[in-house]
Structures are given as C-alpha cells and as structure tokens.
Amino acid sequence: MATSAFGGARFRLLGPVEFSCGDGWRSIGSTKQRTLLALLLLHANRVVPVAQLHAELWGDRPYSRVKNLLAGCVWRLRAALGDEAGRALVTRPGGYQLTVPPGALDLVEYQRLVDVGRVRRAADDLPGALEAFTAAVQLWRGEPLADVSFTQSVMAERARLEESRLTVEEMRLGLRIELGEPDEVLPELKLIISQHPLRERLHEHLMVALYRSGQQADALGAYRDLRRLLIDELGVEPSKPLRDLQARILAEDVGLRAAPPSRPAPDLLPACDPVFHGREAEVARVAAALAEGAVCAVHGMAGVGKSAVAARAAHAVADRFPDGRVHLDLRGSTDHPLDPADALTALLDAFGVPLGETRPAARWAAVVAERRVLLVLDDVRDADQVKPLLPPGCAAVLTGRAAVGAADGHRQLRLGRLPVAAAVGLLRRVVGPERVDAEPEQAAAVVSWCECLPPAVRVAGGRLAARPEWTVADLADRLADPGQRLEVLTGVRELLGSCVRRLHADGDRTAVTALTLLAELDLPVVTASTVAALLDTAEGPARCAAERLVDAGLLEPLPHNRYRVAALVRLHGAGADPDADPAAAVQRVVDRYREQVRELTTRRSGGLSWYREHRGTLRALARLDRTDSLPAAVDRLRWTFTRRPAVPTQPPYR
C-alpha cells in the first residue's frame, strides 16, 4: 500500500476503525475521536464542513455550546495519529480535510476491486472476476464502522456497505458455481442463506449448486422452502426467474448442468515478418523491457523497421502475458490518426467488454488491473494519443517516428538504418542467396542506394525477385540513377509521402520549406547552422524546424547539432514547397561557409581540424557557388597550412 504524509499511515473501516503506521494496527481510544476519524475517512481527500461535523458528533446539543469542542477533538486526533504538524489532517476554510493517498484506505481498495470484478465479469473473464471479488471480500473484518457512534452518515454508509458486501458475495458464489465448484460452495452458501433468508439470488445459487451436484430433489426442496417462507413472511410468490429455474430443474434442462465456457484471452499480435533480418540486439532489448512489465517506445525515421522489431519482441515474450496480447494501429502518421476514445473502444472490444456507463478509460484500467496484458501500439502520433491507453502496470511497446513518453519514464530505443552486412542479409532473404552471393559488390551497392532502410531493401529485392532476367548489377544501375530510384522504390515513395502529408496537415510551413531547401542543397549531413542559413533565420528556430522533421521521420539526428538527410528523402523532398527560393537559400549557405573559412584564415589556428571535418561539404558547396568566391577562400585557408610565400593565382579547389 502507498504511504501517507505521516509515517506511512494506513486506515481500515471495513470492521472496527483502525490505523497503522507500520508497527501494527491500532485503534483510537476515544469514541468521539474514532467517529471523527471515520467521518473524515468517509470523505477522504475532500473538505468536510465544520457544520456537518458538529451535527454528526454533537447533534443533540446546541451549536453555541459545542462550537469550540471540534478544534480540540481534531488536535487530539492528530496527536493520536502522529500528525501533530497537521500535514495530513489539514485545516481548510470552513472545514477539515484528511489526505489519504491511493491504497491507504481499505474501503477505496474494496470498491476498486469490485469495479475490476464487474468489468471482468462483463468480459466473460470468470476466473479473473472471481479473483477480484474474492480479494474484495477478504478485506472485510466484520461489520463496517463497528466501533463508532451511529451518526446519520455512519448508519447510511453501513447500510450501503452491507448491501454491497452481500451483492459481491452473491456474485462470488455464483462465479464459483459457474467455474465448476458446486459441491465446495454449498456449505458457505447455506450459512449465508441462514443469515439472509429472504435474498432470492442466494436461493437461486443454492438450487443451481444442488442440481449440478446431482441433488435434483434437494434443489426442488430448496425452492419449496423459499416459497413457503415468502408466502408466510411477505405474502408473495417467488420471482419469475426463480419460478423459471424450478421449471428447468423439473425438466432436467441440460443447459443447467455445465457452465458456459469463459471467453479466451485475446491473442491479436501481428504475424512476425518472415524475412526479418538483423536487429537481434534491439529485439532483445525491447523484449527484456516488456518482460519486466515496462513500456518501451521504439522510434526513428520512416522506414527503419520499428513495427517489425516491436512485433518480433512481443512474440518473444508472449507466453509471459497469458491474460491478453493486443496489437492496435493508431495511424499516427496518416491524415486520420485514431482518436484516443476510439482506441479505448477498440481495446475494450478486444476483451469483449461493453462500454456501459463507466468512462472507457476507467473500464480499461479495470480490465488490465493486476493482470498480465501486453499491448503493441503501432504508429503512435504523440503522448496524448497513448496516455489513456496505458494504465499503471500495463506492459506495452510503442512505435512511432517521434520519441514518445520519455517524460513519463518509458524506456526509449531509437532505431537507425541497418548495417550494410545486415541489409545485404535482408536482400538475400528476399531474393535468394544464389543471385546475391554471385554479385557481392553489386549487392552492397544496391543496399547502399537503398540507404540500408529495410522497406527500401525489401522493395528493391522484390523487384529483382520478380525479374529473373535482371542481374543484381542491373538493379544497382537503375537505383544509381536519381531519376529512376524512387520509381523503382515505389513503396518507399509512398512512405515518404505520408511524412510530408503530415507536415502539411499540421500546417508546419517552416518544416516543409526546410525540407525543400535541404533537398536542393543535397548534402548528406547538415548542421543546425546550415538549416538556419537555408531558412534565413536564427539557429534556435532552425533547430526547432529540424527537430520537427526528425519527429516526422524525415531526418536522422546525429551528435553535435547535426542531422543526416537520406538521399531518398532529398529526392522526394524536392519541390515540397513550390514557393521556396532554393537558389538564394543555397547561396546563403555558401556565403556562411565562405565567411567561416575567411575567419579561420585570419586566425591561422584551428583551421586544419575544421577543414578536415568539413572537406566534403566544402567540395560540394564549391560546385554550387554562383560567385566562385568559396573556392578561392578555401585555397587561401589551405595555403596557411603549408605556409607558402604566395597565394596561388589559379584556385584549383573544386
């Protein structure tokens, strides 16, 4: 149980009123203080008005004569509870409030277990419902609020709780009969009937238990005894359900003899990808998190194989979750993501739970409470979409392009592209080892043009498998042509298109413009300052735009404020924003690099390491420079490294 603000106190009302601070259960010596504690606990975490407490505790005395007694009673109660500082029993404007954390009051725990049992019963989970109802009944230690004054609130609550307990006992005993324990339940059933002889539901259970135990005559005798009692005491006949049950027993209805089968736990995991290859370490990491009952979020750019990893990990630990395994596509990357309310409805439907009048989130929490349930929530849009679907204790793997749930303590795994060897292995599984192994260098070229992204490799391999007259080199040649690459990889084009459509749907014009300009710049790796130059803005807003492209699955983040822009993304991103001015944007990047080169030339220190790191970028930008000033600036920088006496008149740097 949870701890409270004063020494881990817990409270019990389902019997004599008691409290514990970890050193055994104790009672409050004064009846007045016990009654005050009970009244505050019945309204736990709510303000109880002073006037109500006066009326309950001193209702037979004028208010003017007792108005000062309540503060003293509260002070003594705080001392008895060890809360002299008043951190839990708090004075509020107009009243008092006792703060009780979740799990610290048996009455609240009882009501929670009853709700869980009802939901499971509605879902035909009979063993789970019986478990919850049994746990609820075991919290009782006798008559509720047994040693407090019979105030108006106390008497009303006692009556409510006694009725609730009887109803739960009826459901618990009925479930034991349905689950094949009619003989075992008979002694307990007869005892409770002797205490409550007019409750027809108990007599119904008795008749069914006797009949299923092979005692048809005794079952009919139980009906006759009840009928005689009802006529003598109330002058009425038994209800129609009991009369119908008697008729079924007389007719030896076969349907009464066997309990209906309970609904099996849902097993709705997607099939594992038959050509899955690589990612063994990532699958093991996700599976380990799920085995611990944690939530693991797998994220990364579009096409890195997040869903395949999640499915493989879920199957690896499926036997640890006997109470249900469910996959749900949340469609976060589409134009119509699944609404959380609709997602809750789908999950409840998977477990056969009707919506009813209770809030769907509360019913879903009751379904998974104290059970081993595994969720695979695919294509998550954001944290708000999944938060209602993840009550405490629910193991789940989430997939999405953006990282989700880090602030909520979910485990995080970012997937990058496959290693070349693993990508070639995936190609072998799609095409067949003979054709791939015959041209290993060309196979490496194919997966390189596919950026080592599993969907791209699969599509390329599928094209090759469908064209037996092609060689691996033929496929590599087609992929090497930028004009043909996306035509060959049609599925990848659609995947990237969904990323761009999401940006348009979100109205993120800045990110769309950044994508267009990055495509025109055509650099494989860019820095945040490069994005700032493209957008002609400060580095902070530019970094935000780049991170939104990461969340959309179009950029891959790297250390030191850098981002990888896949060649396929650059091909697809061209023209995403027709109003952008790519030529001016590219020249701004060239100008920024030129100024940085000139600054390093002036300083004459630290330039060599910077030049080595950016040499490829400088060479690419030199070809895009409309002023030819960048090559000259780079050559002057290079001259400082060799300490030549004069600057070359013909810059060879291109």
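The model is predicted: local features need pLDDT of at least 70, side-chain atom pairs count only at pLDDT 80 or more, and totals for chains, interfaces and linings use all residues. Residues are numbered from 1 along each chain as its sequence is written, and side-chain values use heavy atoms, without hydrogens and water.

Helices (H or I, at least four residues) and strands (E, at least two) are DSSP runs, numbered from the N terminus; two strands pair if DSSP finds at least two bridges between them. An open sheet of six strands has the order β7-β9-β10-β11-β8-β12, with parallel pairing. Its edge strands, β7 (267-268) and β12 (411-414), each pair on one side only. Two parallel bridges join β7 to β9 (residues 325-329), and Asp267 stands opposite Arg325 in β9.

Helix α12 (residues 280-291) lies across β8 (295-299), β10 (374-378), β11 (395-400) and β12, at about 170° to β12. Helix α13 (residues 306-316) packs on the sheet, touching β8, β10 and β11, and makes about 165° with β11. Contact means heavy atoms within 4.5 Å; axes are lines fitted to C-alpha atoms, for helices over the stretch in contact, with angles from 0 to 180 degrees between N-to-C directions.

Turning to side chains, Arg12 lies over the face of Trp25, 4.0 Å from the ring centre. The charged end of Arg467 sits over the ring of Trp470, at 5.7 Å from its centre. The criterion is NZ of Lys or CZ of Arg within 6 Å of the ring centre and within 35 degrees of the ring normal.
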